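Hello,

Here is the structure I promised to pass on. Please open it first, then read my notes below.

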Amino acid sequence: MHDAFATWDTGESLEAIEARIHDGVSNDKLRERGRGYVTHMFKLFPWVRPSADAAIVEVGPGVGYIMEALAKETGAVRITGLDVAPNMVARARERIKRDCLPEGRFEFALYDGVTLPWADGSVDFFYSVAAIQHIPKPHAYNLFLEMHRCLKPTGSSVVHLLSWDILPQMHLSFADEIRHQVTGTPTHWHHFYDRVELETVLGHGVKAADFQVVPDGGAIWCAWGKQRRR
Ligand SMILES: C[S@@+](CC[C@H](N)C(=O)[O-])C[C@H]1O[C@@H](n2cnc3c(N)ncnc32)[C@H](O)[C@@H]1O
């Protein structure tokens, strides 16, 4: 497992994970947080909204609160959460059982962090929130390419990342951050993005037929599809 992924696979309990990975949001607000991301994503990119029977994947789902909100909002019959951390997948399944959600509707799968386990052109909708910002850029861009490979011709992807604009407001020493990354220290790594970089990657690198990049305070969102938007 890459050093950047190890911080997500610490053997913690479900309760410890719920308290740690949601930006300090309290447990009783995790559904509200999930709903907030889903509402915002469709407000920014109404053209990506999937149909109820779509093949939908969240990359880096944690314990599935955003999947739960997306299922409620779209009526999706099945969503797969794809993760690199075996303990996260185990705790996500535990959470679905604990909260009496239908297990067939919320599936979780493991992969190696490099190759998405889907055939070319087989997925309708990928999304990822607060996850890809923690992995090194070559891995992040590999995921963009992999999502694009797996998208159906009518499919689309949305990725939520950290913007460079947030760095001055974060209680984070840039020197420590870089030292963690250079020495391979397993902790939350942070990577920052801007519009020029993402537009260049999506247009020139991924060669998406259509894309949109939206700076959004401390965050930056991007969406793309294989066809031009109608
Ligand atoms: C901060 S949590 C976010 C969880 C969820 N998206 C949310 O916002 O509630 C980051 C998630 O990404 C997963 N993750 C980390 N690196 C990953 C990678 N390379 N591919 C897929 N998932 C990854 C972690 O295991 C964890 O589930």
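Ala-6 counts as partly exposed, with a relative accessibility of 26%. The cut-offs explain the label: buried means under 20% and exposed means over 50%, so Ala-6 falls in between. Please keep in mind that this is a predicted model.

Ala-6 belongs to helix H1, which covers residues 3–6.

The space it takes is the largest pocket. Two elements give two or more residues each to the shell around the ligand: strand S1 (56–59) and strand S2 (79–83). There are 21 residues around the ligand. Arg-33, Gly-60, Asp-83, Tyr-111 and Val-129 come nearest. By type, the shell divides into 15 nonpolar, 3 polar and 3 charged residues.

- Asp-83: an N or O atom of its side chain is 2.6 Å from an oxygen atom of the ligand.
- Tyr-111: a polar side-chain atom lies 2.7 Å from a nitrogen atom of the ligand.
- Gly-62: here the backbone takes part, with an N or O atom 2.9 Å from a ligand oxygen atom.

How much of the ligand does the protein bury? Taken alone, the ligand exposes 600 Å², and the protein buries 98% of that.

Next, helix H4, residues 65–74. Is this helix mostly covered or mostly open? Mostly covered: 8 of its 10 residues are buried. Just after H4 comes Gly-75, which takes a positive phi of about 75°.

Last, Arg-95. Where is this residue found? Arg-95 is in helix H5, residues 86–98. Is Arg-95 buried or exposed? Buried: its relative accessible area is 0%. That value is under the 20% cut-off, which is why the residue gets this label. The side chain of Arg-95 also has a partner, Asp-99. A polar contact of 2.8 Å joins the two side chains.

If you look at one place, start with the ligand and the side chains of Asp-83 and Tyr-111. Then turn to Arg-95 and Asp-99.

Best wishes

How values were computed:
Residues are numbered from 1 along each chain as its sequence is written. This is a predicted model: local features need pLDDT of at least 70, side-chain atom pairs count only at pLDDT 80 or more; totals for chains, interfaces and linings use all residues. Side-chain values use heavy atoms; hydrogens and water are left out. A residue is near a molecule or strand if one of its heavy atoms lies within 4 Å of it. A polar contact is a pair of N or O atoms within 3.5 Å; within protein, one must be able to donate a hydrogen and the other to accept it, and residues adjacent in sequence count only if both atoms are side-chain atoms. Accessible areas come from the Shrake-Rupley method with a 1.4 Å probe; for residues, only the protein chains shown count as cover. On a 1 Å grid over the protein atoms alone, a cavity is a set of points where a 1.4 Å probe fits but cannot get out, and a pocket is an open set with protein on both sides within 12 Å along at least five of seven lines; lining residues have an atom within 4 Å of a point. A molecule sits in a cavity or pocket if more than half of its atoms lie within 2 Å of its grid points. Helices (H or I, at least four residues) and strands (E, at least two) are DSSP runs, numbered from the N terminus. Ala, Val, Leu, Ile, Met, Phe, Trp, Tyr, Cys and Pro count as nonpolar, Asp, Glu, Lys and Arg as charged, and the others, Gly among them, as polar. Buried means under 20% relative accessible area, exposed over 50%, partly exposed in between (1.4 Å probe, protein chains only).
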